Structure formats: structure tokens, C-alpha cells
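Subject: Structure handover

Hello,

Here is the structure we spoke about. Please open it first, then read the notes below.

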Amino acid sequence: MSNPLDADPTPCNQKSGMDFRDRGIYAQLLELMLNLQQTIGDHFVKLTTRQWQAQSPEEANRIQVVREQEDVINHTVCQVISLLWTEAAADQRLQKSLHSLNSRGVWKKSPSPRQPDQPVRQSSFQASFVSHVLSNRGVDISDFYQSHFQDYYAYQQDKYHEEKNPLGFLNLGVSENKLCVDLITERLCQNDMNCIEEDLLQYSDWRGHPLLREEVARFLSYYCRAPTRLDPENVVVLNGCCSVFSALLMVLGDPGETFLVPTPFYGGFTFVSHLYAKVELFPVHLESEITEENSEPFQLTVDKLEKALLEARQKERKVRGLVLTNPQNPLGVVYSQDSLMEYLEFAKRHNLHVIIDEIYMLSVFDESIKFHSVLSIERLPDPDRTHVIWGTSKDFGISGFRFGALYTHNKEVASAVSVFGYLHGISGITQYKLCRLLQDREWIDTVYLPANHSRLRTAHKYVTKKLRALKIPFVNHGSGLYIWVNLQSYLKPCTFEEERALHRRFLDNKLMLSRGKSYMCKEPGWFRIIFAENHVPLKLAMHRFKHVLEEQNYDWMVKQLEEAMME
């Protein structure tokens, strides 16, 4: 497809049969201005980077003058861009062009380097870009999306396919289990899955269809080894575990209140807490170094929870709860029953809710490790404040089904969360299929789980062997779909800026990984690798992974040589 900027212009004395907007002139001018803004931004970044090293008052004044000039120029450019965008957005025929510009992220201005005590300024274009259309809340949501999901959008537009797109993005960043697609597809295609009844085509109970809630209660009673049969009235199903998590935050906390979360933790929690509930996730920072306090990397202890709680309260945060994931994401840690009891007792002492996500409970593939669900504990310290989330996305590799379940002993919480079924309910047809799937205990126990665990072990063994050959340290716990790897030796210096640069290099080589910063990891240099991928794309992904690291080392050696020659 040709670039519209390369098209021959129509001479001014000829009629083209279309007006200005039909030719997309606003979109073209907008793209030119965006490119100009990026060029100007890059220029000022280089200018201030050179000047930043000096600390004298004269140099500081020069830097300030440069930044003021940058602000004036950027403000003028932003005004022009905003006007062009407003005119272009008025024409529905240009929406595709505008979406393309927006998705490319070219309007995002890179901040200039700053000294550690200077805050990064928000781009003035960011506000003017959307102020004609979105509310302040809309601006906030849009900016958050753009800053967190651009890479995923790029992947969706350019996915790897062995035959159709062998040079596309390989995704070892999003936690999806693709190892048993054949088995799950075969099961979902069986005749008992096909049912169209009038009841399934109508609105259902907002908590979920009674048949599905009953089956979820039976399923969790069995696989969580609950001491007594779980009550279907305590089950609420929504379209995904993040929807359940979001609903819980909404009904348990008010805007500005806080939940403790051990780090590193699943980055989606940050997005979800920010989107609706507007609650804060306060990090309980864990360290990788083994010390007297830490018998293993990133060990969670009650002492660390107590310290984080005290720190939050000293900062005048109102702490409402504790969020845990078991097995942990991205570490893969499976908490012992004793540890779980200690965390629950800590929460009870301080009147805190505990939200525990057990979405990977059936993905413990190391046979020497035993998973303990919170629902298996006979006497919970505070059952009314203990809330469990589970779904089929990870354990059954059907994230597209959009199913998540809440189990809570607190009827008031269940009732409040069920209201969100009005917005986040699941289609009746999907609920029926899920009910049939969870009912088939024989297939799950004799066919699916043994095959899934075996394939997870094989894929995990392949990736860890590659990592050992590269002498890359990693955290190994035999559960989940991921490995937490330490690439600090490839960061020189070891900073979050260098971590981001390495992450960008992976993306430039069409390889998606997740970096530690997105998991609120305190230490730069950690990455999460998903290994639950079929062998051909997994092998190619590890090849790209090795290639990027070799490039990284080579560039560093060249830089060292150049610096030595300059001395």
C-alpha cells in the first residue's frame, strides 16, 4: 500500500472531484506535524543530555533556558496538532487514518532527561490532543492505555504464523497456555457442548447461571480439597478474573484507599485498580538476594508485611486489604499451608480483607510440589474477609472464553459483586459450555491434566536448559506458565532505563517479553518469559532471545572500546 504522503498532488487549476477532507489533507498535515514534534523532541533530548552532565550555576541556567524554549515550541506545535486533529476527527471517513496515527504512538513525546530530584513533566500535547473530545478521566484512561498496551497492539497486528507470517511477533510476554489447544478444541467440539435453549438466549441471573454456579462450587470443592462442600450461593461469575478483581476492589475499597501487594506482582492488577476503583496498590517489596531474612529469592514473610503496613500508615494511607496470588505470578512460588495461615492471621490482626487469586492452581506441574488452596483450610482466621478468585484462562488455556469466578463466605460481598454481572456478565452459550467442561471430571483427570502437566514440564525443561547454557540465572518453582529470569548482567549500568532499552531491543527483534518494572519489581533487570508455547515458535523465540543478548553484549564491548580509545 502506498504512503498517502507519496501521492502526486493535484495541480491547483485542476478539479479533483473531491474536497479537501476527501483527500485526507488534515490527516496528512497531522502526520507531518507529529513527525516534526518528534524531531524537535529528539533534538532537545540530545541538547539537554549533553548539558546535563555539568553542575555549575551557569550551565544550570542554560539548561533552564533550553527547557523554556522547548516548552514554547512544543506548545505552539501542540496547538496546531490539536486544531488539525479536531478538524480531521469531524469526518468519519478519516477515522481509520487517525486510528493508525494514534496506534503508532507517534504523538507520545519522550521526556527529556532529568536529574534524580526533578519530576518528569507531562507532555503538554497529551492534554491538548484529547481535550476537545475526552473528559479528564478519559484523558487519564487513554494515556494509561497508550503507555501500557502499545506493544500488545503491535503484536495483534503482526502475529507470528509458521506459514503466513514467519517474521511476525513471537509472544512470550502474555501469559497464555497454548500447549493443549488440540485437546481442548476436541473436547469443545463434542456433541454435548452444542446446546441452544431459550433460557440460554435470555438475560440470566447477574451472579451467573445457577447451573454454572453450582458446577463451579462442586469443581472448587473437589480440586481445592475443601473440607465441606462449597455453597453455590457464595459463587459469582463474571467475564474474566480481572473483572472479578476489579469488582472486589470497588466494593471493598473507596477511591484513594490502599491494598498491600507483594512485589513483583501481575501488572494487570495495576491497570484494573486504576481503571474503575481508583484504589492504590501499595508494594511489599521483596528482594532476590538470599540473606538471614530470606532463605530463598523474593521470600514473603509476615515481618515484611508488617513493615509495609506501617510504612503505608505513616504515609497516611488507609489500608483495606492484602492481595495475594497463589501460585505466584511471576515468581511461580506455591505457598505452603503454614505460610498461608500466617498471612491470613496477619490480615485478621489488622482487620484487612484478603483477595487471593488462584488462577494457576491446576498448573503446578512439578509432582514434588503440593498446592494448598485457601479453600482447603478448615478454620479460616477471618472467613468473612477472605475472597478467592479462579478462572479457566490459564489452567485450561481458554482465555478467550472470558470467565472468572469469585468464591467468598461473605454473602454481602457476593451480593455487591454480583451487581457487576449487569456490565460484565458471560453469554448464556458460553456458560453452558463451561458448565459441561467443568462437569467432565473423568476427562479432566485422565486426559487433560496429565497431558497438560507433561507438556508444561517439557516446555519448561527446554527453556531452562537454554537459559543455563547462556548462564542466565532464573527463579525456578515448577508451577505456572512462566519463568522469572535475571538479565542484570546485560544492563550496563543496571538501571530501569537500561531495562527498558533492552525490552525495546527485544521488541525490535519481534519478540515480546515482560519486563520487571511492569511487575513493580524493586530491582531492575528481571524479565518474565512464558514457556507454555508450542515447540516450533518457542524454539524460534529462544533463538531471537539469544540473538538480542548477543547484540547487547557486542554493543557494550564496542562502546567500551570507543571510550578506551578516547582516553
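A residue counts as buried when its relative accessible area is under 20%. F396 has 1% relative accessibility, so F396 is buried. Keep in mind that this is a predicted model.

Now the aromatic rings. There are 23 aromatic pairs in the structure. One of them joins F365 and F531 edge-to-face, with centres 5.8 Å apart and 80° between the planes. F365 sits in the loop between β6 and β7, and F531 in the loop between β13 and α17, so this pair ties together parts 166 residues apart in sequence. F365 is buried at 4% relative accessibility. F531 is buried too, at 0%.

Back to F396. This residue forms a stacked pair with Y448: 5.1 Å centre to centre, 15° between the planes. The pair links distant parts of the chain, 52 residues apart. F396 is in the loop between β7 and β8, while Y448 is in helix α15. Y448 has a relative accessible area of 0%, so Y448 is buried.

Both residues belong to one aromatic cluster, together with F219, Y222, Y223, W390, F403 and W443. Y222 also has a charge over its ring: the charged end of R441 sits 4.5 Å from the ring centre. Elsewhere, K510 lies over the face of F169, at 5.4 Å from the ring centre.

S246 is buried, at 6% relative accessibility. Which residues does S246 contact, leaving aside neighbours within four places in sequence? They are V272 and Y276.

Best wishes

Note on methods. Residues numbered from 1 in each chain as written. Predicted model: local features only at pLDDT ≥ 70, side-chain atom pairs only at ≥ 80, totals over all residues. Heavy atoms only, no water. Buried < 20%, exposed > 50% of the residue type's maximum accessible area, 1.4 Å probe, protein only. Contact = heavy atoms within 4.5 Å. Phe/Tyr/Trp six-rings, centres within 6.5 Å; stacked < 30°, edge-to-face > 60°. Helix = DSSP H or I, 4+ residues; strand = E, 2+ residues; numbered from the N terminus. Lys NZ or Arg CZ within 6 Å of the ring centre and 35° of its normal.
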